[in-house]
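Colleague: Can you put the model up and walk me through it? I'll ask as we go.

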Amino acid sequence: PTTLVAATLGVWLFYVQHQFEVTHWDQPEAWDVHDAALHGSSHYVMPGWLQWFTANIGIHHVHHLYSRIPFYRLTEVLRDHKVLAEAQRLSIAESIACARLHLWDEKQRRLLSFAEARRTYAAA
């Protein structure tokens, strides 16, 4: 049971840090490492104890910007760079709604649910 819970939480953390409504995806010719790092991964805001327990993995966008920053220094980066502290914030409550997002809409440049895609493209 412990392994199952840990694995489930690990998959969830990885999923919501890359699959949220206003994420950033580009075709290979337009892909930019900094844009993808900053806008393609979230800043998953968690309570302090959970942030500590997960080794600051919620500060995922900074990890993608520069993976050599050790997990215990990531909070310092947010403290010293306010723009990073405010970028791509995602609360636990907001993350639950992300579970319904599965399709990338190239025109709107955001993730959609299947129902949203049907409504949007049924009229077209």
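Colleague: Where is the place of Gln-88?

Modeller: Gln-88 is in the loop between helix H6 (82–86) and strand E2 (89–91). Helices (H or I, at least four residues) and strands (E, at least two) are DSSP runs, numbered from the N terminus.

Colleague: What sort of model is this, and how are residues numbered?

Modeller: This is a predicted model, with residues numbered from 1 along each chain as its sequence is written. Local features need pLDDT of at least 70 and side-chain atom pairs count only at pLDDT 80 or more, while totals for chains, interfaces and linings use all residues; side-chain values use heavy atoms, leaving out hydrogens and water.

Colleague: Back to Gln-88, what about its phi?

Modeller: The phi of Gln-88 is positive, about 50 degrees, although the residue is not a glycine. Gln-88 counts as buried, because its relative accessibility is 17% and buried means under 20% relative accessible area, with exposed over 50% and partly exposed in between (1.4 Å probe, protein chains only).

Colleague: And Asn-56, what is its phi?

Modeller: Asn-56 has a positive phi near 60 degrees, and it is a residue other than glycine. Asn-56 lies in the loop between helix H3 (48–53) and helix H4 (60–65), and it is buried at 9% relative accessible area.

Colleague: What does UniProt place at residues 4–91?

Modeller: The unreviewed UniProt entry has the feature "domain: Fatty acid desaturase" there. UniProt positions are given in the numbering used here and feature names are shortened; annotations may be inferred rather than shown by experiment. Over residues 4–91 the chain is 50% helix and 7% strand, and the end C-alpha atoms are 23 Å apart.

Colleague: Is Ser-41 buried or exposed?

Modeller: Ser-41 is buried, since its relative accessibility is 1%. Ser-41 sits in the loop between helix H2 (33–39) and strand E1 (43–45).

Colleague: What does the side chain of Ser-41 reach?

Modeller: It reaches the backbone oxygen of Ala-37, at 2.8 Å. Leaving aside residues up to four places away in sequence, Ser-41 also touches several residues, including His-18, His-60, His-61, His-64 and Gln-88. Contact here means heavy atoms within 4.5 Å.

Colleague: Then His-24, where is it found?

Modeller: His-24 is in the loop between helix H1 (2–16) and H2, and it is buried at 17% relative accessible area. The side chain of His-24 makes a polar contact with the side chain of Asp-26 at 3.0 Å. A polar contact is a pair of N or O atoms within 3.5 Å; within protein, one must be able to donate a hydrogen and the other to accept it, and residues adjacent in sequence count only if both atoms are side-chain atoms. Not counting residues up to four places away in sequence, His-24 touches Trp-104 and Arg-109, among others.

Colleague: Switching to charges, how many salt bridges does the count come to?

Modeller: Six, where a salt bridge is a side-chain nitrogen of Lys or Arg within 4 Å of a carboxyl oxygen of Asp or Glu. One of them joins Asp-26 and Arg-109, whose closest N and O atoms are 3.0 Å apart. Asp-26 lies in the loop between H1 and H2 and Arg-109 in the loop between strand E3 (103–105) and strand E4 (110–112), so the pair ties together parts 83 residues apart in sequence. Asp-26 is partly exposed at 29% relative accessible area, and Arg-109 is partly exposed at 34%.

Colleague: What about the side chains of Arg-100 and Glu-116?

Modeller: They meet in a salt bridge, 3.7 Å from N to O. This pair links distant parts of the chain, 16 residues apart: Arg-100 is in the loop between helix H7 (92–97) and E3, and Glu-116 is in helix H8 (residues 114–122). Glu-116 also forms a salt bridge with Arg-110 at 2.6 Å, N to O. Through shared partners, salt bridges join Glu-21, Arg-100, Arg-110 and Glu-116 into one network.

Colleague: Last topic, the surface: which residues form a nonpolar patch?

Modeller: Trp-49, Trp-52 and Phe-53 do, with about 520 Å² of accessible area together. Areas come from the Shrake-Rupley method with a 1.4 Å probe, and for residues only the protein chains shown count as cover. Patches are made of residues with over 30% relative accessible area and no salt bridge; like charges are joined within 9 Å and nonpolar side chains (Val, Leu, Ile, Met, Phe, Trp, Tyr) within 5 Å. Trp-49 lies in helix H3 and is exposed at 62% relative accessible area.
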